[in-house]
Amino acid sequence: MLNQFKNIEIPCHYDYVGVYLTNRCFLSCDYCITNHNDVQFINNLSHGKELSEDQWITGLNRLKLGSGIPLTLQGGDPFLHPGVWMILESVRHPMDILTALPRNVTLKKFKSLSTLKWNKRTAPYPTIRVSYHKGENDYRKLIPRIAELQEVVSIGLYHIDHPAYPQETEKIRVLADQYKIEFRLKEYLGWYKGKMYGTYLYPDAVQGRVMEDEVLCKNTVVPIGPTGHLYRCHSDLYHQRLDCSIGHLLNPDATFSDQYRPCNFYGMCSECDVKIKTDHLQAYGYTSVDIQFAEKT
């Protein structure tokens with residue numbers, strides 16, 4: 001089947017490809033970034049059937065990536081896709097994973113894989129990044145599990161620095177240090193008690209309402225939704241704007257062009273696209289989108 005398809009070349013200066021194997025999640029965080037602006041992305045199965053493991057393997061192996069550029073499996077939780085283990089064995093790219101570590105993720109599972117080459121990317125941070133979410137999972141149980149898994153894979157713990165729970169951070173840091181696992185804070189993004197948290201190159205972009213009639217935008221991250229559609233940005237993905245899709249992973253004639261595209265949703269942007277952050281090499285100051293505004297008359 002793969003031989004029917006030509007490669008889809010992703011520009012070598014792009015930061016990563018975000019692969020949403022599924023939008024299913026076993027947590028119910030009320031601050032989940034995917035559901036900002038009253039979107040219902042998580043566990044919403046009304047927008048089409050997620051790709052099977054064979055379809056994901058075929059489609060992802062079409063991608064031609066720059067040296068060191070990873071696929072980042074995310075969601076939802078990628079480990080809830082029933083084909084994730086075969087995908088890890090069969091996709092020919094380095095892969096990072098963002099997960100909350102559901103119960104089906106075990107040391108035995110990783111040891112049973114025929115290859116861990118996908119996890120061997122040289123990176124200045126863990127390539128499997130486990131998120132702790134207060135009230136949804138228990139860091140006292142999560143940390144020992146991560147410690148066990150780091151016997152075979154690059155893995156660490158990331159805590160969302162929610163402004164309501166500052167006392168949690170030091171407790172987690174102490175326990176992570178005891179188990180000798182890497183612990184990092186992730187910046188909380190979004191509104192809390194009337195204040196917007198996060199550091200943004202375009203602060204107007206995250207106001208939750210349209211702020212400009214039209215802008216031109218170019219993203220150096222490629223989000224791919226559970227149905228295989230490629231999107232301009234995370235806002236299009238989370239809103240499931242299929243009419244704004246820029247291609248499909250299983251379209252034999254699919255191509256990817258590095259260009260500015262018109263957008264009529266500026267102000268409804270996802271915080272992760274417009275924040276100032278580190279790139280895949282941990283260099284700070286990167287923002288994935290570049291936006292051009294119409295001149296005011």
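**Contacts, fold and helices**

Modeller: Of the contacts in the protein with a separation of 6 or more, 76% are between residues 24 or more positions apart, where contact means heavy atoms within 4.5 Å. It's a predicted model: local features need pLDDT of at least 70, side-chain atom pairs count only at pLDDT 80 or more, and totals for chains, interfaces and linings use all residues. Residues are numbered from 1 along each chain as its sequence is written, and side-chain values use heavy atoms, with hydrogens and water left out.

Colleague: Thanks! How many helices and strands does the protein have?

Modeller: There are 7 helices and 18 strands, taken as DSSP runs numbered from the N terminus (helices H or I, at least four residues; strands E, at least two).

Colleague: And what share of the residues is buried?

Modeller: Buried residues are 54% of the 297; buried means under 20% relative accessible area (1.4 Å probe, protein chains only).

Colleague: Which residues of helix H1 are buried?

Modeller: In H1 (residues 53-60), they are Trp56, Ile57, Thr58, Gly59 and Leu60. Their packing partners include strand E2 (16-20), helix H2 (84-90) and strand E12 (221-224).

Colleague: Switching topic: at what angle do H4 and H5 cross?

Modeller: Roughly 30°, with the axes of H4 (residues 139-149) and H5 (residues 166-178) coming within 10 Å. Angles under 35 degrees count as roughly parallel, so H4 and H5 are roughly parallel to each other.

Colleague: Which residues make the contact?

Modeller: Tyr139, Arg140 and Ile143 of H4, with Glu168, Lys171, Ile172, Leu175 and Ala176 of H5.

Notes. Axes are lines fitted to C-alpha atoms, for helices over the stretch in contact, and angles run from 0 to 180 degrees between N-to-C directions. Angles under 35 degrees count as roughly parallel, over 145 as roughly antiparallel, 65 to 115 as roughly perpendicular and the rest as oblique. Buried means under 20% relative accessible area, exposed over 50%, partly exposed in between (1.4 Å probe, protein chains only).
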